[in-house]
Amino acid sequence: MTSTASKTARSDRQTGPDEAARSATLRAANINPRTGLATDYLNHFNEAIMLLEMIPDMPECAEDFLLWYPLSYREHFMASHFKARDLAIEAYESADEHIRVEFDNITGAMTSILTAVGAAMRAVRQDKTRARLAEQATGWVKPLVALAGGIINGGAEADVDYIMTH
């Protein structure tokens, strides 16, 4: 996350009792009050990664991976049993635009990779080829999940800014 994005997110939000209560509500729901994002969405990608990691040792898991399909942030929460799903969607939709765009770009890249790997796996039949595709995809997507997690959590720079202003 850029310094500008973290400062924009902070300066656009009001402070006071209402904001403190909202922050407490978001924190209780495992939604970062500074970014408006929830790490629960990353479970969608972690599920695909887990299946990909199993393919080299258990080739039949490729069929399970091929059942995975992309979900947007909103779609993920609408389909989940996350108890604060409406709050998660509302917080995402009202999140700072710069943060949301950066996050959406990364999750979009993950979706593109996983979708392309799924298409490639459907086109091949050899377990060895599918295993290689799975290993490559895992190597590409795992760092992106970590990057998305950093955005959700406000990044190290945002944490320092937050600590220094509170």
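Me: Is Gly-154 buried or exposed?
Reply: This is a predicted model in which local features need pLDDT of at least 70 and side-chain atom pairs count only at pLDDT 80 or more, while totals for chains, interfaces and linings use all residues. Residues are numbered from 1 along each chain as its sequence is written, and side-chain values use heavy atoms, with hydrogens and water left out. Buried means under 20% relative accessible area, exposed over 50% and partly exposed in between, with a 1.4 Å probe and protein chains only. Gly-154 has 2% relative accessibility, so Gly-154 counts as buried.

Me: How many Å apart in space are Gly-154 and Thr-35, C-alpha to C-alpha?
Reply: Gly-154 is found in the loop between α8 and α9 (155–165); helices here are DSSP runs (H or I, at least four residues), numbered from the N terminus. In sequence, Gly-154 and Thr-35 are 119 residues apart, but their C-alpha distance is 6.2 Å.

Me: Is Asn-30 buried or exposed?
Reply: Asn-30 lies in the loop between α2 (17–28) and α3. Its phi is near 60 degrees, a positive value in a residue other than glycine. With a relative accessible area of 55%, Asn-30 is exposed.

Me: Which class of aromatic pair do Phe-45 and Trp-68 form?
Reply: The structure holds eight aromatic pairs. Rings of Phe, Tyr and Trp (its six-membered ring) pair if their centres lie within 6.5 Å; planes under 30 degrees apart count as stacked, over 60 as edge-to-face and the rest as tilted. For Phe-45 and Trp-68, the centres are 6.3 Å apart and the planes make 50 degrees, and the pair is tilted.

Me: How many residues apart are Phe-45 and Trp-68?
Reply: Phe-45 is in helix α3 (residues 42–54) and Trp-68 is in the loop between α4 (61–66) and α5 (73–79). Phe-45 is buried at 0% relative accessibility, and Trp-68 is buried at 10%. The pair links distant parts of the chain, 23 residues apart.

Me: Which residue lies over the face of Tyr-92?
Reply: A charge sits over a ring if NZ of Lys or CZ of Arg is within 6 Å of the ring centre and within 35 degrees of the ring normal. At 5.9 Å from the ring centre of Tyr-92, the residue over the face is Arg-100.

Me: Which residues does Ala-137 touch, not counting residues up to four places away in sequence?
Reply: Ala-137 lies in helix α8 (residues 127–152) and is buried, with a relative accessible area of 0%. Contact means heavy atoms within 4.5 Å. With residues up to four places away left out, Ala-137 touches Leu-52, Ile-113 and Val-117.

Me: How are α7 and α8 oriented to each other?
Reply: Helix α7 (residues 97–123) and α8 pack with their axes 10 Å apart, at an angle of about 170 degrees. Axes are lines fitted to C-alpha atoms, for helices over the stretch in contact, and angles run from 0 to 180 degrees between N-to-C directions. Angles under 35 degrees count as roughly parallel, over 145 as roughly antiparallel, 65 to 115 as roughly perpendicular and the rest as oblique. The helices α7 and α8 are therefore roughly antiparallel.

Methods: Helices (H or I, at least four residues) and strands (E, at least two) are DSSP runs, numbered from the N terminus.
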